[in-house]
Amino acid sequence: MKRLREGYTTGACAAGASLASVLWQTTGSCPEWVELVVPAGKKLRLAIQPGATYTCGVRKDGGDDPDETNGCLVNTAVQILPEDGAVQFRAGDGVGVVTRKGLKLPPGEPAINPVPREMIEKAVRSVIGAKGAVVTVSVPDGERIAQKTFNGRLGIEGGISILGTTGIVRPMSEETVRESLSLELSMCRAEYGKVCAFVTGYAGESWLRRQYPDAGPIVLCSNYLGFLLDCAEEMGFTGVLLAGRPGKLVKPAADIMYLHSHTAGGQREVLCTHAALAGASQMQVRQLYQRNTTREMTELLRQFPFGEQVWQSVAESVCENCMRRTHGRVQVGLILLDDSDRILAESSRAAQIRKEWLACSMN
């Protein structure tokens, strides 16, 4: 099996470009490359692309990790100040600006995360010492790239974020996705309060917004339900309202908290088990088991007199397992929707949590 190749983050690119910019100003020539030790402990050798006076660029190489920012050029221009002082940061074209509370940076700050800022400052100070500096980071086409990222949901406007906690992109790493989801949840906690809705996809979100125009905070958890429940407990949430299709949201009834189809299925087994508990005959269970998709099983359950009971039982089991995941500190409600957006089941706690969730939008 081929070993997947590591890459480096936009934060590492910005730090390398910053180092090249100050070297250009202090030595009189732009270096062809720079060496940089990133927080992961690895030494990178980064090729430098010179631009306008004292502006240097490093092209991101994400290795074998699929990433929207792979191949983008991260440019940095450093203004060295005459007096000792802080290193300040500015967002150039294509780098976003934080507009909402709850992220690692306050509103108004350029979306250059704390670890990349530390990397940049370390690189700059290795050349200029205690002098103050203004670092402007820009990414050509960054505004277009940002449309394919989580930035819009996070309230980061105008471009991409400069990210990375280690400086290294590990192939198939989910670190960036998890970090973005955690930041979005943190933002919801800061802005709205202790109750939030989780949806696994567009269907759940669009249904909630249609039904409740004054909807409270909604986080797209995608496949990361277990991770976000852990975050919710840590951040002090008291309630989570789940909404969406059964294809993903029956899985937690079997304690499957990572919902990607490549990792686990389980829908058929869950529905067959709950049908048997509802009194289905062996033949009826076999008929369910022979269906290939959740949609087909949903249609068949409509023909059985106990179909609604099955969905209600599944919904309660999902919530029970989710609350167990949070050690009982977060109450969980669930609204299961079919492909026509009809409600299959609404768990016993859903109404109260929905009420608390809607109240959050008024805070």
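Modeller: Gladly! Let's begin with a word we'll need: contact means heavy atoms within 4.5 Å. Keep in mind that this is a predicted model.

Colleague: Which residues is K60 in contact with, leaving aside its neighbours within four places in sequence?

Modeller: K60 is in contact with Y8, T9, T10, C13, D67, T69, N70, G71, C72 and V169.

Colleague: And where is the place of K60?

Modeller: K60 sits in the loop between β5 (55-59) and β6 (73-84).

Colleague: Why does K60 count as buried?

Modeller: Buried means under 20% relative accessible area. K60 has 6% relative accessibility, so K60 counts as buried.

Colleague: What makes the link between the side chains of K60 and T69 a polar contact?

Modeller: The cut-off is a pair of N or O atoms within 3.5 Å, where one must be able to donate a hydrogen and the other to accept it. The side chains of K60 and T69 make such a contact at 2.7 Å, so the value falls within the cut-off.

Colleague: Now the whole protein chain: how many of its residues count as buried?

Modeller: Of its 363 residues, 51% count as buried. The chain holds 13 helices and 18 strands.

Colleague: What do its contacts between residues at least 6 apart in sequence look like?

Modeller: Among those, 68% join residues at least 24 apart.

Colleague: How many positive and negative side chains are there?

Modeller: The protein chain has 40 positive and 39 negative ones, and the centres of the two sets lie 2 Å apart.

How values were computed: Residues numbered from 1 in each chain as written. Predicted model: local features only at pLDDT ≥ 70, side-chain atom pairs only at ≥ 80, totals over all residues. Heavy atoms only, no water. Helix = DSSP H or I, 4+ residues; strand = E, 2+ residues; numbered from the N terminus. Buried < 20%, exposed > 50% of the residue type's maximum accessible area, 1.4 Å probe, protein only. Lys, Arg positive; Asp, Glu negative; His and termini not counted. Charge placed at Lys NZ, Arg CZ, Asp CG, Glu CD.
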